[in-house]
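My notes follow in the order in which I went through them.

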Amino acid sequence: MSRRTASCYCGQLSIEVQGETLGAGVCHCLACQQRTGSVFAALAAFAAPFTVTGRATDFVRTGDQGAKFRFRFCPVCGSNVFHTEEGNDQYVMVAVGAFADPHFPPPQDSVYECRRHAWVQLPDSVARYEKDPV
């Protein structure tokens with residue numbers, strides 16, 4: 001079974017996931033833009049179990065559909081590494097950039113297209129949703 005490790009910039013916080021991604025996507029919502037400091041968040045879902053090494057600081061945010069998400073970031077360098085949905089321990093969402101792998105598979109989905117910056121171009125194969133389809 002394949003394993004991947006994602007980490008913060010300074011290396012203090014890391015997460016090891018197993019198996020292939022359940023899917024990868026980008027989110028253009030304003031909360032993700034502010035959270036990442038970028039124009040979108042690139043995320044990949046992995047099935048549990050996963051192993052976290054190091055200390056994390058967390059922040060809980062309520063999404064548009066009412067679900068609560070716990071974001072984990074490094075208290076030393078501030079990198080956002082992963083998040084989970086409260087009450088759902090079946091998967092983890094990992095920031096694609098934390099893998100530092102330019103060969104990581106491309107996203108399949110793009111959510112909150114209504115907030116996408118006009119200059120952001122994605123492959124034609126990406127499924128697009130005006131908001132969150134869930």
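Before listing any lining, I wrote down what a pocket is here: on a 1 Å grid over the protein atoms alone, a pocket is an open set of points with protein on both sides within 12 Å along at least five of seven lines, whereas a cavity is a set where a 1.4 Å probe fits but cannot get out, and lining residues have an atom within 4 Å of a point. I keep in mind that this is a predicted model, in which local features need pLDDT of at least 70 and side-chain atom pairs count only at pLDDT 80 or more, while totals for chains, interfaces and linings use all residues. Residues are numbered from 1 along each chain as its sequence is written, and side-chain values use heavy atoms, with hydrogens and water left out.

**Entry 1: pockets**

I looked up the largest pocket and found 33 lining residues, with Cys 27, Phe 69, Met 93, Val 111 and Asp 132 nearest its centre. Two or more lining residues come from each of β3 (23-27), α1 (30-36), β4 (41-47), β7 (68-73), β8, β9 (88-95) and β10 (109-111); these labels are DSSP runs numbered from the N terminus, helices being H or I of at least four residues and strands E of at least two. The largest share, 5 residues, is that of β3. The volume is about 840 Å³, taken as the space filled by probe spheres set on the grid points, which are joined across faces, edges and corners.

By class I noted 20 nonpolar, 5 polar and 8 charged residues in this lining, where Ala, Val, Leu, Ile, Met, Phe, Trp, Tyr, Cys and Pro count as nonpolar, Asp, Glu, Lys and Arg as charged, and the others, Gly among them, as polar.

The second largest pocket has a volume of about 240 Å³. It is lined by 17 residues, and those closest to its centre are Thr 36, Asn 80, Ala 95, Gly 97 and Ala 98. β4 gives the largest share of this lining, 3 residues, and the classes here are 9 nonpolar, 7 polar and 1 charged.

**Entry 2: cores and Phe 82**

I then turned to the nonpolar cores, each a set of buried Ala, Val, Leu, Ile, Met, Phe, Trp, Tyr and Cys residues joined through side-chain atoms within 4.5 Å. The largest has 18 residues, and Ile 15, Phe 46 and Val 94 have the most contacts inside it. β2 (14-18), β4, β8 and β9 each give this core two or more residues, with the largest share, 3 residues, from β9. A second, separate core of 9 residues includes Leu 43, Ala 45, Met 93 and Val 111.

Beyond its neighbours within four places in sequence, the residues in contact with Phe 82 include Ile 15, Val 52, Met 93 and Val 94, contact meaning heavy atoms within 4.5 Å.

**Entry 3: sheet and hairpins**

I traced an open sheet of 8 strands in the order β6-β7-β8-β9-β4-β3-β10-β11, with mixed pairing; two strands pair if DSSP finds at least two bridges between them. Its edge strands, β6 (57-62) and β11, each pair on one side only. β3 and β4 run antiparallel and are joined by 5 bridges, and Cys 27 stands opposite Ala 41 in β4.

β6 and β7 are also antiparallel, over 6 bridges, and in their hairpin, with 5 residues between the strands, Gly 66 has a positive phi near 100°. In the hairpin of β1 and β2, with 6 residues between the strands, Gly 11 has a positive phi near 90°.

Which peptide bond is cis? I found it from Ala 48 to Pro 49, with omega near 10°, and Pro 49 sits in the loop between β4 and β5 (50-53).

Ala 100 is not a glycine, yet has a positive phi of about 50°; it lies in the loop between β9 and β10 and is exposed at 66% relative accessible area. Tyr 112, also not a glycine, has a positive phi of about 60°, but at 10% relative accessibility Tyr 112 counts as buried.

How values were computed. Buried means under 20% relative accessible area, exposed over 50%, partly exposed in between (1.4 Å probe, protein chains only).
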